Amino acid sequence: MSDSEDMTEFASIVERIERGEVPIKNIERELICPICKELFTHPLILPCQHSVCHKCVRELLMLNHEDSFDAGSECSLPGSPRSRVPSPSMERLDRLVRSGSISSPGWRRGSVTPRVTTIPCPGCQHDIDLGERGISMLFRNFTLESIVERYRQAARAAVAIMCNICKPPQLQEATKSCMDCKASYCNECFKLHHPWGTPKAQHEYVLMCPEHEMEKVNMYCEVCKRPVCHLCKLGGSHANHKVTSMSSAYKILKEKLAKSIHYLISKEDQVRTQITDLELLISQTEENGQVAERRANEHFERLFETLQERKSEMLRSIEQSRNRRLDQLKSQVEEYQGMLENSGLVGYAQEVLKETDQSCFVQTAKQLHVRIQKATESLRTFHPSADPCFDEFVLETSREEALLKEMCFGGVPDPPLIDLSQSRVYNEATICWRLSDDHQPTDHHMLEYRRLSGPSQSPSQEDGEDSGVWRATDRVYGPSTVVCDLEPDSLYSFRVRSCRNSMFSPYSPEVTFHTPPAPAFSFLFSDKCGFSTERLVLNKRRDTVESVAGMAFLLAAERVQTGSYIALDYIIGDTGISQGRHYWAFKVEPQSYMVKVGVASDSKLIEWFHNPRDTSSPRYDHDSGHDSGSEDTCYELSQPFTLLTLGMGRLFIPKTSSSSSVSTATAPAGDPGNRVLPMPQRLGVCLDYDACRVYFYDADTMRCLYERQVDCSGTMYPAFGLMGSGKVQLEEFITAKRLTY
């Protein structure tokens, strides 16, 4: 059976274990290392497809004196920077070796000649040739490792001892096992089956291990919080767990329980007082709920009465209109029926025609002729005397129905809170806020802001009309908004409130932000100029750069003892500055080993890359003893970078140099302790190109940490240098590229 088929079978067995279909002991022997006889820890796959723990392979190499790779990678000169840093974990070392990203300048191929390493496979007893790369050629068996972890979890879940008397779903965990009855009981079942005064009360009872039959539990696992036997500790699921004796666990838990009970007893008066307060709250809740229910009924009854009145009035109007129209139509019907032969007007006219007396006929026919003409005209132009439609009584109530559905009974909305972690302020401010957890929907929000103070160089601006006066934005229908045209180097206060049904909430607590001393400068990291693809990783958006150790770095570790030192990997922005004042901000990962930030000159960069420094000079050898500092001035002037150092959660203020004008907001630079500050969460850099000066700020408080003179020759670029593990992320506003320079 192949290794992959074995893994599939193991996974199937583990799943069956989790469902309770297979005993745990059926799979345990398959997950034990053949060397250490314990569960696999970081197993490696040998070329013969057998798996062995990582530490066991190393022990085999040490026994055969074939540990050249480990010795070469762990040796370090005491005076070198690497010797002052703990060695990386084996997981990280494996990851670095496989990625091929460890490198170091000055390494020469063949400086250390790896020797062939051969070990016997503990499974098939064949000799395994690991080649020149040694352990690094072996791959981690992640499948087996995951199965072992799942087995551990299943084993932890299976160690619970259940009562043999209880029936599901009221199955309880057992607390005692009777040696005479050969069964485990919970407290209630034990009392029921071993009553006092009976022979069963004299039975010997202990707690038995469910994983190892007939083994008494005599230890307590502090990880799983369960009693275990000695076999569980030796090779079972608790092998790597911290255990203590049952007597010690009994004593500790009994003391804890006694202290907890004593504390509760001592707080009895307080508990009674709190119970009284809770009962009062229950009574008040009941009364207030009834009052609210009564008032709600009254409000809706009034609404129902109003609707009923309007309904009665409308039905009455419809009835009157219907009766009137019916009368008109019926009269018109009677009039037209008179036009029929032998009835009404026509019959009367036929009788008049029978009159032979001329004078009487003329007297009657004149008026009759007028009526006949009207009837004839009405017949030619027929129009009903009333409209049968009642469109004027059709109601459009969609608006009223929407108002009723949107009717809110929550009263005044709760005030929102401005989210400081999401809000950012530059020459534009992005202010975000969040509502309370139990908030009801709001119609809109109103953000207000005011300027509290302006630049120190122009105090007259503080007396302007807009200073200290609250200004409101337009209605905001989301949880954030942008405020434009803020003054630089000014302190602003912001507040927000919500509106629902024309009712405004109280204002949120005011928060203050300090705008940068210059407009925000937008750029991304450049992957062109001096970018090291081996040791620097740039994300797709080019707003985050990370320094990682690679293969060349690992292979060059043995070169440290010969005086070859690791250099910084530099990266610059893709946009340059040739005039004006500009500001940008970023985050440095607190766990970064060393990160340098600042500016760089393009003219000096060209010279730097074409004429690199002489690393073999004694001036750069930390162990040469040549530390007079006579070359500082010459070297500093040739540097294309002006950088500030951060690392290991600290910020380091540079020493004062005679060749540059330097000032700092901290204590005098001569004291080394005062030159080390905590690393800010966000760091800001401001370059004044015209004044040839660069400033470094705590971007959260806008406090200037350090400033110095800089040679602004040519175009200046934001610059960053990383060594070891480090990460720099630009602010989102900086990478937006919305501004034009």
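What follows is a set of questions and answers on this predicted model.

Q: What does the secondary structure of the chain come to?
A: The chain has 17 helices and 34 strands.

Q: How much of the chain is buried, and what belongs to carbon and sulfur atoms on its accessible surface?
A: Of the 741 residues, 35% are buried. The accessible surface comes to about 44,800 Å², and carbon and sulfur atoms hold 53% of that.

Q: Why is S498 called buried?
A: The label applies under 20% relative accessible area. S498 has 0%, so it counts as buried. You will find S498 in strand 18, which spans residues 491-500.

Q: What makes the pair S498 and H445 a polar contact?
A: The cut-off for the N or O atoms is 3.5 Å. The side chains of S498 and H445 make their polar contact at 2.9 Å, which is within that limit.

Q: Which residues does S498 touch beyond four places in sequence?
A: Among them are P413, D414, L435 and T442, together with H445, M503 and F504.

Q: Why does S508 count as buried, and where is S508 found?
A: At 4% relative accessibility, S508 is under the 20% cut-off, so it is buried. S508 is found in the loop between strand 19 (503-504) and strand 20 (511-514). Leaving out residues up to four places away in sequence, S508 touches P415, P416, L417, I418, R495 and V496.

Q: How far apart are S508 and W433 in sequence and in space?
A: They are 75 residues apart in sequence, while their C-alpha atoms are 9.4 Å apart in space.

Q: Why is C360 called partly exposed, whereas C499 is called buried?
A: Partly exposed covers the range between the buried cut-off of 20% and the exposed cut-off of 50%. C360 has a relative accessible area of 33%, so C360 is partly exposed. C499 has 3%, so C499 is buried.

Q: How many disulfides are there?
A: The count comes to zero, with 2.5 Å as the limit between cysteine sulfur atoms.

Q: Why is strand 26 described as largely enclosed by the rest of the structure?
A: Because seven of its seven residues are buried. From strand 26, F641, L643, T645 and G647 point one way, and T642, L644 and L646 point the other way; all are buried.

Q: What makes strand 25 and strand 26 a pair?
A: Pairing needs at least two bridges. Strand 25 and strand 26 (residues 641-647) are joined by six and run antiparallel, so they pair. Among the bridge partners, K596 goes with T645 and V597 with L644.

Q: Which other strands join this arrangement?
A: Strand 25 also pairs with strand 33 (residues 716-723) in the antiparallel sense, over eight bridges; M594 has M723 as its bridge partner there. Strand 26 is joined to strand 27 (residues 650-652) by three bridges, again antiparallel. Strand 26 and strand 27 form a hairpin with two residues between them, and M648 in the turn has a positive phi of about 55°.

Q: How do you know where not to read the coordinates in detail?
A: The score stays under 50 over residues 457-465, where the model has seven contacts beyond four places in sequence. It also stays under 50 over residues 737-741, with 16 such contacts. The chain averages a pLDDT of 75, and 72% of the residues score at least 70.

Notes: Residues numbered from 1 in each chain as written. Predicted model: local features only at pLDDT ≥ 70, side-chain atom pairs only at ≥ 80, totals over all residues. Heavy atoms only, no water. Helix = DSSP H or I, 4+ residues; strand = E, 2+ residues; numbered from the N terminus. Buried < 20%, exposed > 50% of the residue type's maximum accessible area, 1.4 Å probe, protein only. Polar contact = N/O pair within 3.5 Å; in protein donor to acceptor, adjacent residues only side chain to side chain. Contact = heavy atoms within 4.5 Å. Areas by Shrake-Rupley, 256 points an atom, 1.4 Å probe, with all protein chains shown as cover. pLDDT = per-residue confidence, 0-100.
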